[in-house]
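Keep the viewer open as you read.

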Amino acid sequence: MFHAYPMDTWLDTPKQSFPSSLSANDFKSLFRGHPGGVAVITADAGEGPVALTVSSVVSVSAEPPLMIFSVSALSSASEVLSRAETVVVHLLDAHDVDLAKFGATPGADRFGQTHRWSPLATGEAVYEDVRAWVRCAVIDRMEVGTSTIIAVHALESRVMRDVQAGEPGDALVYHNRSWHRLGEHSKLEA
């Protein structure tokens, strides 16, 4: 059993009005230099599965196991994600770059014959042969600007390509509008 953690209790401060802020272009330029890990989120609210690629998955807590991610209101999957009770977060590595690109392609049939997937016994769509996936229950949503932050509680997972502690693995990151592989060649000495 899990408990909902209302996000509105996390943000008890009153909404503030700011006299000025960065432009959207200035804000985007900040984050072009800030790489993010890559994931594909799948969900189904009863009319068939949807999928999208994100670089916003963040681990929030290990006990209980909680994560958050954001979804733009412009995403074709946003309406389904606003109603889905569960999601599957696919944590990708460089071997999964084709799936990451596919999930980021507007209008693509993400559940056609291009990438193998199957439903879990609980009904959620899972792409096969990805580095890892985790099935999660949605515990809260919060509208922020033009996006929705979705908080989820991890229920079950499967790791197909494990990364040992201290090893670089074969991580996939999105940086400055392009895909990158992290590995031994990119490791900096501590």
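Predicted model: local features only at pLDDT ≥ 70, side-chain atom pairs only at ≥ 80, totals over all residues.

Let us begin with the strands. Seven of them form an open sheet in the order β3-β2-β6-β9-β10-β5-β4, and the pairing is antiparallel. The edge positions belong to β3 (50–54) and β4 (58–61); each has a single partner strand, so one side of each is left without a neighbour in the sheet. On average, neighbouring strands of this sheet are turned by 35 degrees against each other, direction ignored.

Moving along the order, strand β6 (residues 86–91) runs antiparallel to strand β9 (residues 132–144), and six bridges join them. Here V89 stands opposite V134 in β9. Next comes the pairing of β9 with β10, antiparallel over 12 bridges, where E143 has T148 in β10 as its bridge partner. These two strands, β9 and β10, form a hairpin with two residues between them. In its turn, G145 has a positive phi of about 60 degrees. On β10 there is also an antiparallel pairing with strand β5 (residues 66–72), over seven bridges; in this pairing L66 stands opposite H153 in β10.

## The nonpolar cores

Which residues have the most contacts inside the largest nonpolar core? They are I41, F69, L81, V87, V89 and V152, in a core of 20 residues. The elements giving two or more residues to this core are β2 (39–43), β3, β5, α2 (78–81), β6, β9 and β10. A second, separate core has 15 residues, and L92, A125, V130 and W133 are among them. In soluble globular proteins, nonpolar side chains tend to be buried together.

Leaving aside residues up to four places away in sequence, V152 touches P65, L66, M67, F69, V87, C136, A137, V138 and I139. In that list, F69 and V87 are also named with V152 among the residues with the most contacts inside the largest core.

T42 sits in strand β2. Is T42 buried or exposed? With a relative accessible area of 1%, T42 is buried, because under 20% counts as buried. A polar atom of the T42 side chain lies 2.7 Å from the backbone oxygen of A125, and A125 is one of the residues of the second core.

Not counting residues up to four places away in sequence, T42 touches V50, A51, V87, V88, H90, F111, A125 and Y127.

## Salt bridges

Side chains of opposite charge can pair when their charged atoms come close. How many salt bridges does the model have? The count comes to nine. One of them joins D96 and R161, whose closest N and O atoms are 2.9 Å apart. This pair links distant parts of the chain, 65 residues apart: D96 is in the loop between β6 and α3 (97–103), and R161 is in the loop between β10 (147–159) and β11 (172–175). D96 is buried at a relative accessible area of 6%, whereas R161 is partly exposed at 26%.

Another salt bridge is formed by R116 and D129, with the closest N and O atoms 2.9 Å apart. R116 lies in the loop between α3 and β7 (117–119) and D129 in the loop between β8 (125–127) and β9, 13 residues apart. R116 counts as exposed at 53% relative accessibility, and D129 as partly exposed at 46%. R135 is buried at 14% relative accessibility, while E156 is partly exposed at 35%. Finally, E47, E79 and R83 are linked in a network of salt bridges.

Conventions:
Residues numbered from 1 in each chain as written. Heavy atoms only, no water. Pairing = 2+ DSSP bridges. Helix = DSSP H or I, 4+ residues; strand = E, 2+ residues; numbered from the N terminus. Axes fitted to C-alpha atoms, helices over the stretch in contact; angles between N-to-C directions. Salt bridge = Lys/Arg side-chain N within 4 Å of Asp/Glu carboxyl O. Buried < 20%, exposed > 50% of the residue type's maximum accessible area, 1.4 Å probe, protein only. Core = buried A, V, L, I, M, F, W, Y, C linked by side-chain atoms within 4.5 Å. Contact = heavy atoms within 4.5 Å. Polar contact = N/O pair within 3.5 Å; in protein donor to acceptor, adjacent residues only side chain to side chain.
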